[in-house]
Amino acid sequence: MLTLSHRIALDPTPAQRIALARAAGCARVAWNWGLAEWKRQYKALKADPTLAKPCGMALRKTWNAAKHGLYPWMKESPKDANIESLFDLEAAFRNFYAKRAKYPRFKVKGRDAPSFGLSNDKFRFDGCKVRLPVIGWVKTREALRFAGKILTGRVTHTAGRWFLSVAVEADHLRPPAPEGSIVGVDLGVRALATLSD
């Protein structure tokens, strides 16, 4: 199987922009809560080695039990927005322990790009629109290019625009174009144009 990725520009309404920003804020809060809790658990483990090591599964259980009491406004955003950030935090610690990355740091509004993850069963496409949980149908600038099973999605805000990156598991790449139908052109200095054929 082959995993392909497609980044699609979203065209949200003003109300949807607010909802997307809110979901990204929830993801940031969950990440920061998870990082603080991980540090607290690790410090407690150093003081008492009989305690369990911090792990992502226990962290998510604690978060799910406490989030609505701590942050009642979390209900206004997709559940995946905060849960996926804890999966991201767990992956960040795995990369840190494997010496592939630096120690995870707290996310700060304005410094870190707003983003949140979505699991594969929480969103779907219908032509040039995508249905995001809680937010609803959002117009996209183009349809999903790849056919196959959707693995994950991540909504990000870059340069004043919202994007959805989708990972798709496909059996094969698109079929090649028939020979002779496409010609590449290279414009140069010595020769005005050089053709690929």
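**Start with two helices**

Select helix α2 (residues 56-70) and α3: their axes come within 10 Å and cross at roughly 150°. Axes here are lines fitted to C-alpha atoms, for helices over the stretch in contact, and angles run from 0 to 180 degrees between N-to-C directions. Helices (H or I, at least four residues) and strands (E, at least two) are DSSP runs, numbered from the N terminus. α2 and α3 are therefore roughly antiparallel to each other; angles under 35 degrees count as roughly parallel, over 145 as roughly antiparallel, 65 to 115 as roughly perpendicular and the rest as oblique. The crossing of α2 past α3 is right-handed, where a crossing is left-handed if the near helix is turned anticlockwise from the far one by less than a right angle, and right-handed if clockwise.

A word on what you're looking at: this is a predicted model, in which local features need pLDDT of at least 70 and side-chain atom pairs count only at pLDDT 80 or more, while totals for chains, interfaces and linings use all residues. Residues are numbered from 1 along each chain as its sequence is written, and side-chain values use heavy atoms, with hydrogens and water left out.

Now show the side chains between these helices. From α2, pick Gly56, Leu59, Arg60, Trp63, Asn64 and Lys67, which meet Lys79, Asn82, Ile83, Leu86, Phe87, Leu89 and Glu90 in α3; contact means heavy atoms within 4.5 Å. What kinds of residues make up the contact of α2 with α3? They divide into six nonpolar, three polar and four charged. For that sorting, Ala, Val, Leu, Ile, Met, Phe, Trp, Tyr, Cys and Pro count as nonpolar, Asp, Glu, Lys and Arg as charged, and the others, Gly among them, as polar.

Stay on Glu90 for a moment, which lies in helix α3. Leaving out residues up to four places away in sequence, Glu90 touches Gly56 and Arg60. Then draw a C-alpha to C-alpha distance from Glu90 to Ile8: they are 27 Å apart in space and 82 residues apart in sequence.

Bring in α1 (residues 14-47). The axes of α1 and α3 come within 8 Å and cross at roughly 45°. That makes α1 oblique to α3, and their crossing is right-handed. On the α1 side, select Ala23, Cys26, Ala27, Ala30, Trp31, Gly34, Leu35 and Trp38; they meet a set in α3 including Ala81, Ser85, Ala92, Phe93 and Tyr97. The residues of this contact of α1 with α3 divide into 13 nonpolar, three polar and one charged.

**Turn to the sheet**

Next, colour the strands. Seven of them form an open sheet in the order β2-β6-β7-β1-β5-β4-β3, with antiparallel pairing. β2 and β3 (124-125) stand at the edges, each with a single partner strand, so one side of each is left without a neighbour in the sheet. Two strands pair if DSSP finds at least two bridges between them.

Walk across from β2:

- β2 (residues 115-119) runs antiparallel to β6 (residues 149-158), joined by five bridges. Select Ser115 and you'll find its bridge partner, Thr156, in β6.
- β6 and β7 (residues 161-170) pair antiparallel over nine bridges. Thr152 has Ala167 in β7 as its bridge partner. Two residues sit between the strands in this hairpin, where Ala159 takes a positive phi near 50°.
- β1 (residues 2-11) pairs antiparallel with β7 over eight bridges, and His6 stands opposite Val166 in β7.
- β1 also pairs antiparallel with β5, over two bridges. Leu10 has Thr140 in β5 as its bridge partner.
- β4 (residues 129-132) and β5 (residues 136-140) run antiparallel, joined by four bridges. Look for Arg131 opposite Trp137 in β5.

**Helices against the sheet**

Show helices and sheet together. α1 lies across β2, β4, β5, β6 and β7, running at about 90° to β2. α3 packs on the sheet too, touching β2 and β6, and its direction makes about 95° with that of β2.

**Zoom out**

Finally, show the whole chain, with its three helices and nine strands. Followed along the sequence, the pattern reads β-α-α-α-β-β-β-β-β-β-β-β. The C-alpha trace spans about 75 × 40 × 35 Å along its principal axes. The radius of gyration is 22 Å, whereas a compact globule of 197 residues would have one near 16 Å; this is taken over C-alpha atoms, and the globule rule is 2.2 Å times the number of residues to the power 0.38.
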